[in-house]
Amino acid sequence: MHPRDQTIFALSSGQPPSAIALVRVSGAQAGKVVSALAGKVPSPRTATRALLRDLGQRPIDDAVVLWFPAPASATGEDVAEFYVHGGRAVLAALFATLSAFDNVRPAEPGEFTRRAFENGKLDLTEAEGLDDLIHADTDRQRRQALRQLKGLLGDKARDWRARIIEASALIEAGIDFSDEGDVPAELIEPALARVRGLLAEIEVVLVEQGRSERLRDGLVVAIAGPPNVGKSTLMNQLARREVAIVSPHAGTTRDVIEVQLDLDGYPVTVIDTAGIRETDDPVEQEGVRRARARAVDADLVLWLTDASGAESEGNGERPVWRVRNKIDLDGADRPLAESSVGRVFRISASRGDGLSELIAAIVDFAQTCLGGGEGGLIGRTRQRKLLQETAVSLQRCIDVVGEGEELAAEELRAAAYSLGRLLGRVDVEDILDVIFREFCVGK
């Protein structure tokens, strides 16, 4: 039997031990499985208490069972859900019993969602939204992912595709009635009006896409500067925990340390880098090289100095903010010249002076870069590229209609095809494995 025709099962809740664990079964054998374990198939969508038994009729656990017959289930197949106590021994016994059935096997990562997609329960944009929801770290990411899961982009794409097909039908009707004098003009003009309206809508979405796409990945802020100026102390203050070793000895930080922060709902990765200086130590030299490389790739660089006031290094087009640390020490409160490459801040990382102003500025910077990005339609590069292809085809349709209605009709077919790929309904087999293998097991 092909693996796609086999029945699958997996733990769909958190790792044990836990108070309750959910084990989901999906496929043609699900009814046989639930009947054997629970003694009968429960009424559909009704929580039923049952004593689960293995194939030797030995008790496994006192559980709650739910039954969802196809096609009214999450995957479109017969689905059984077992709510058991979340101990490791309970789950091991249940998994061993499930594995003993013919053509029943553990699920691969993302296999439940893939089956839902293949059975028409989700389109590809909704499946991607579900993956983003699982991996969302901040509230803004959660809201954007939930909108995708609820069909924010998919519903739009289906509407656009239907309107393209309507415009294509008008143009092709004009081709069919080309010998009827004024009939082609009466059909072509309404079709082109629809195409222009569609193109305008999609272009607006593409213009606004940058922020929503960036929200999924978040911002990267690098803390850089010479050795022993308090970079690790600032890192620990921002993280509100000890993530970096603090030492009075220069060169303590040799590698790049990262921490994920949620700043007012914006995902921000803060990087603590090695102190930048000339050194003969080959290990420290590598740390300096990595520090410079990460600073170049960062969205924002905080160049930290103390009373010595070392000038910041150039960072291309990336903004660099100068941050004077240790203002609580003698000599550190002398005037700090305005920077030509960014803003200037004065803090004491050890005492916390000025940190609230610095964090507020980082939040403002994130808002400038990401804005209300969670309201955008596009969340992934794949989606943006296919919408760009659609827009190009629609523009070509407008441009070539004077050269022949056949050429315009072909461009509309290409636009509809791109939207079909966006939804995952045509020619996407090559990318499905890439998308669904990013899911966790049991989803």
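## Salt bridges and a helix pair in a predicted model

Arginine 143 and aspartate 139 both lie in helix α5 (residues 139-149), four residues apart, or about one turn of the helix, where helices are DSSP runs (H or I, at least four residues) numbered from the N terminus. Their side chains meet in a salt bridge of 2.4 Å, N to O, the term standing for a side-chain nitrogen of Lys or Arg within 4 Å of a carboxyl oxygen of Asp or Glu. This is a predicted model, in which local features need pLDDT of at least 70 and side-chain atom pairs count only at pLDDT 80 or more, while totals for chains, interfaces and linings use all residues. Residues are numbered from 1 along each chain as its sequence is written, and side-chain values use heavy atoms, with hydrogens and water left out.

**Salt bridges**
- A search of the whole structure finds 22 salt bridges.
- Glutamate 111 and arginine 105, joined at 2.5 Å, N to O, are both buried, that is, under 20% relative accessible area, with exposed meaning over 50% and partly exposed in between (1.4 Å probe, protein chains only).
- Glu77, Arg105, Glu111 and Arg115 are linked in a network of salt bridges.
- Aspartate 264 forms a salt bridge with arginine 140, with the closest N and O atoms 3.6 Å apart; the pair links distant parts of the chain, 124 residues apart.
- Aspartate 264 is exposed at 53% relative accessibility, whereas arginine 140 is buried at 15%.

**Helix pair**
- Helix α11 (residues 381-400) and helix α12 (residues 405-423) pack at an angle of about 170°, their axes 8 Å apart, and are therefore roughly antiparallel, a word used for angles over 145 degrees.

Technical notes:
Axes fitted to C-alpha atoms, helices over the stretch in contact; angles between N-to-C directions. Helix = DSSP H or I, 4+ residues; strand = E, 2+ residues; numbered from the N terminus. Parallel < 35°, antiparallel > 145°, perpendicular 65-115°, else oblique.
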